[in-house]
Amino acid sequence: LEENKIFVTLVKVDVVSHSPQMVLIKDELIEKVKNIKPQDSNIDQYSSVKGKKIEGKEFGADYWGDNLRQGVKFSTVMDKLVENEYTLFVEVSPHPVLKTPMWECVANNEGGKIEIINSLHREYSEFTEIQKNLAYLFEQGYSITNGEFFKFDRKDEVKLPSYPFQR
């Protein structure tokens with residue numbers, strides 16, 4: 001793959017997800033998640049296993065069992081998302097491993113500007129990473145609603161002096 005200039009990297013994991021090896025634990029996973037009740041969603045959801053947009057109610061126990069066992073159609077889904085004019089992608093993960101493949105998938109995009117960010121990074125504070133990403137999105141022109149994330153008690157507020165700081 002590297003000879004063909006295709007990004008490839010080893011991922012530090014204990015199991016090989018999305019492979020035939022997972023058939024050994026598929027039934028156990030389905031049993032563990034059987035009580036999850038998927039619901040309709042107000043946002044579009046695309047499955048990298050099915051390679052298409054799916055409804056929220058399809059994310060039941062069998063879906064997750066199949067998801068663990070079947071291969072991934074990552075570039076197919078990325079192509080569909082770009083075709084449908086999605087421009088902001090957030091890798092929701094404790095550590096980014098898909099940002100580079102995501103950029104490869106959208107490299108030939110001739111549409112609008114695309115942003116790809118990660119939610120967290122294992123070497124940095126979760127709170128700091130989320131703040132940094134929200135600030136970056138705001139700087140890029142996205143509307144950020146303060147909501148609960150920025151809520152704090154007024155007694156924690158510190159008034160800064162209006163004169164130049166001295167050492």
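Biologist: Leaving aside its neighbours within four places in sequence, which residues is Leu68 in contact with?
Modeller: Contact here means heavy atoms within 4.5 Å. Leu68 sits in helix H2, where helices are DSSP runs of H or I with at least four residues and strands are DSSP runs of E with at least two, both numbered from the N terminus. With neighbours within four places set aside, the partners of Leu68 are Ser17, His18, Ser19, Met22, Ile25 and Leu29.

Biologist: Before we go on, what pLDDT do local features need here?
Modeller: Residues are numbered from 1 along each chain as its sequence is written, and side-chain values use heavy atoms, with hydrogens and water left out. This is a predicted model in which totals for chains, interfaces and linings use all residues and side-chain atom pairs count only at pLDDT 80 or more, while local features need a pLDDT of at least 70.

Biologist: Okay, back to Leu68: buried or exposed?
Modeller: Buried means under 20% relative accessible area, exposed over 50%, and partly exposed in between (1.4 Å probe, protein chains only). Leu68 has a relative accessibility of 15%, so it counts as buried.

Biologist: And how many Å separate the C-alpha atoms of Leu68 and Val16?
Modeller: Along the sequence, Leu68 and Val16 are 52 residues apart. In space, C-alpha to C-alpha, the separation of Leu68 and Val16 is 9.1 Å.

Biologist: His18 was on that contact list; what's its phi?
Modeller: Most residues other than glycine have a negative phi. His18 is in the segment before H1, and it counts as partly exposed because its relative accessibility is 31%. The phi of His18 is positive, even though the residue is not glycine, and lies near 60°.

Biologist: Where does Glu85 lie?
Modeller: Glu85 also isn't a glycine, and its phi is positive at about 65°. Its relative accessible area is 68%, so Glu85 is exposed. Its place is the loop between H3 and strand S3 (88-91).

Biologist: How are H1 and H2 oriented to each other?
Modeller: The axes of H1 (residues 23-33) and H2 (residues 61-69) come within 8 Å and cross at roughly 155°; axes are lines fitted to C-alpha atoms, for helices over the stretch in contact, and angles run from 0 to 180 degrees between N-to-C directions. Angles under 35 degrees count as roughly parallel, over 145 as roughly antiparallel, 65 to 115 as roughly perpendicular and the rest as oblique. H1 and H2 are therefore roughly antiparallel.

Biologist: What about H3 and H4: left-handed or right-handed crossing?
Modeller: The axes of H3 (residues 74-83) and H4 (residues 99-106) come within 9 Å and cross at roughly 55°, which makes H3 oblique to H4. A crossing is left-handed if the near helix is turned anticlockwise from the far one by less than a right angle, and right-handed if clockwise. The crossing of H3 and H4 is right-handed.

Biologist: Which residues of H4 does H3 meet?
Modeller: H3 brings Phe74, Ser75, Met78, Asp79 and Val82 to this contact. Their partners in H4 are Pro101, Met102, Cys105 and Val106.

Biologist: Last one: what pattern does the chain follow along the sequence?
Modeller: The secondary structure comes to five helices and four strands. Read along the sequence, the pattern is α-β-β-α-α-β-α-β-α.
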